[in-house]
Amino acid sequence: MDALRRGFISLLLANLIAGPAVAQSQKFITVASTTSTEQSGLFKHLLPRFTEKTGIEVKVVALGTGQALDVGRRGDADVVFVHDKAAEEKFVAEGFGVQRHEVMYNDFVIVGPKSDPAKAAGRDVVEALRKIAAAKAPFVSRGDRSGTHAAELRYWKEGSVDVSPVRGEWYKEIGQGMGPALNTAAAQNAYVLTDRGTWLSFKNRGDLTVLVEGDQRLFNQYGVMLVNPARHPHVKVVEGRAFIDWLVSPEGQKAIADYKIEGEQLFFPNAAGAGRS
Amino acid sequence: MLQAFGDAIALLQALDRDVLAIAALSVRVSLLAVTFACLVGLPLGALVAVTAFPGRQAAIAVLNALMGLPAVVVGLVVYLLLSRSGPLGAWGLLFTPTAMVMAQTVLVTPLIAALTRQIVEDADRELGEQLRSLRLGLWRRATTLLYDARFSLVVAILAAFGRAISEVGAVLVVGGNIAGHTRTMTTAISLETQKGDLPLALALGLVLIGIVIAINALASGLRLYAMRAYG
């Protein structure tokens, strides 16, 4: 029994030691990104192409934009790929990121119950939120400092609706990712602001449907930044830059445009010099 | 609900290599964590059981309370330690399977130590006088009692393994749920639930339960066999 146990333990130890050694023999970068890019399946579509071309493996940690920027601030990622322009510019201005490149956009939509009790359907996002507030119809908020959450708060502010007193009443902050927010809204027949990509790839829709879309203000820009090597010397500058350069290159931009779910394009490339910017 | 179960079972038949790799990682990480936790927890628990020292009751109360450590908090603490901006940042271990092993080891060591303390103390009640009359040192007494209680300790180790392989908070925070690298069964289940793919999440859950049952059956079988052979 003892010999058996000793053999087992040494086997396990060998396994552990061999594990990281194998991983480190390859070139890889860590990218902090958002749940919308991961959960919509975009990375699964893009990364194999990039890895095949450059031999660099990309490890994606998917978080809300706020958290992803924090991971970059702490130096725990080489590249940050998120969607909250104001927060990204602050990140670069504070010296945590090197330079921000615009990569692509998609748009936000408001989804809600087909019966639309607040009569919110239409084009104007701010007007729709005012109606939801007036009807006290249930609304699910991410509440997690993500890019989507930041956008939602901007729209409420534009509509001069103060949601802080109605927290826990019809306004429900769940503090989680886009998927859980959609799950919650589907379960409670509530309204929710979502990026179109996550919505299109979301499967548990229940009675929800797209009610508000097409407003200029619903435009959702994604940006990518290298974490500043001056602040975090271990940042893999060459490999990280290679990834950013590929994303904004004609090849990367085309790969983004090619990604479709049920014939519908999810992200629209708009890097400077590659079409619309 | 029934619909989802039906879909889940249909999906099970189409399990691909990705899922097997994820399951293998889950088992590997949790087995390693439990192994390291045993190396620390078994001797620690046994020593507390046979030693008299001031504040022992308080120490036992703390040890027992630590069995309920929230996984997310353990994950967060290990994250802060391993982060590039943390004290062990230079090791570059964050978002690796090694980090997940470390977090789970911290999580289950108190569980093994606390259960061992109780089991060894019970064994000591039966054998203690005899051992003391042999004038054995503390360490010899502890190891003798550990050996004597070995079959009961299997259950403690299985409980620790169950806690490790089923937790999601710690591995998610320190592993980052990176596809093909640090995605485990529990983080994959959580991800699929978030994506609203409930049948797939349920299918993965069934696989996880199957793995846990298989490993428990294996351990129980070994235990029975060993009891007959050495008991």
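This is a predicted model: local features need pLDDT of at least 70, side-chain atom pairs count only at pLDDT 80 or more; totals for chains, interfaces and linings use all residues.
Visitor: Helices (H or I, at least four residues) and strands (E, at least two) are DSSP runs, numbered from the N terminus, so where is the place of Arg145(A)?

Guide: Arg145(A) is in a loop of chain A, between strand E5 (139–141) and helix H7 (147–158). Residues are numbered from 1 along each chain as its sequence is written, with chains lettered from A and ligands numbered from 1 in the order in which they are written.

Visitor: Good to know. What is phi of Arg145(A) near?

Guide: It is a positive value, near 60°, and the residue is not glycine. Most residues other than glycine have a negative phi.

Visitor: And which value is phi of Lys119(A) near?

Guide: Lys119(A) has a positive phi too, near 55°. Its place is the loop that runs between strand E4 (97–113) and helix H6 (125–135) of chain A.

Visitor: Is Lys119(A) buried or exposed?

Guide: Exposed, with a relative accessible area of 56%. Buried means under 20%, exposed over 50% and partly exposed in between, using a 1.4 Å probe and protein chains only.

Visitor: Back to Arg145(A): which side chain meets it in a salt bridge?

Guide: Asp70(A), at 3.0 Å from N to O. A salt bridge here is a side-chain nitrogen of Lys or Arg within 4 Å of a carboxyl oxygen of Asp or Glu.

Visitor: How is chain A divided into domains?

Guide: Domain 1 is 26–103 + 222–269 and domain 2 is 107–218, with bounds from an automatic or database domain assignment. Their C-alpha centres lie 26 Å apart.

Visitor: How many residues of each domain are in contact?

Guide: Domain 1 of chain A has 14 residues in contact with 16 residues of domain 2, contact being heavy atoms within 4.5 Å. About 1100 Å² is buried between the two domains, and carbon and sulfur atoms give 52% of that. Buried area is the accessible area (1.4 Å probe) that two parts lose on being put together, summed over both.

Visitor: How many salt bridges are there across that domain interface?

Guide: The rule finds 1.

Visitor: OK, switching topic. How many residues of chain B and chain A take part in their contact?

Guide: Chain B provides 28 residues and chain A provides 31. Together the chains bury about 2500 Å², 61% of it on carbon and sulfur atoms. On the chain B side, Arg84(B), Gln194(B) and Lys195(B) lose the most area to chain A, together 22% of what that side buries.

Visitor: How many salt bridges are counted between the chains?

Guide: The count is 2. Asp197(B) forms a salt bridge with Lys203(A), where the closest N and O atoms are 3.2 Å apart.

Visitor: Which helices of chain B each supply at least two residues to the side that touches chain A?

Guide: H2 (17–50), H4 (71–82), H5 (97–133), H9 (185–194) and H10 (198–230) each do. H2(B) gives the most, with 5 residues.

Visitor: What is the makeup of that side by class?

Guide: The side of chain B that touches chain A has 12 nonpolar, 11 polar and 5 charged residues. Ala, Val, Leu, Ile, Met, Phe, Trp, Tyr, Cys and Pro count as nonpolar, Asp, Glu, Lys and Arg as charged, and the others, Gly among them, as polar.

Terms used:
Side-chain values use heavy atoms; hydrogens and water are left out.
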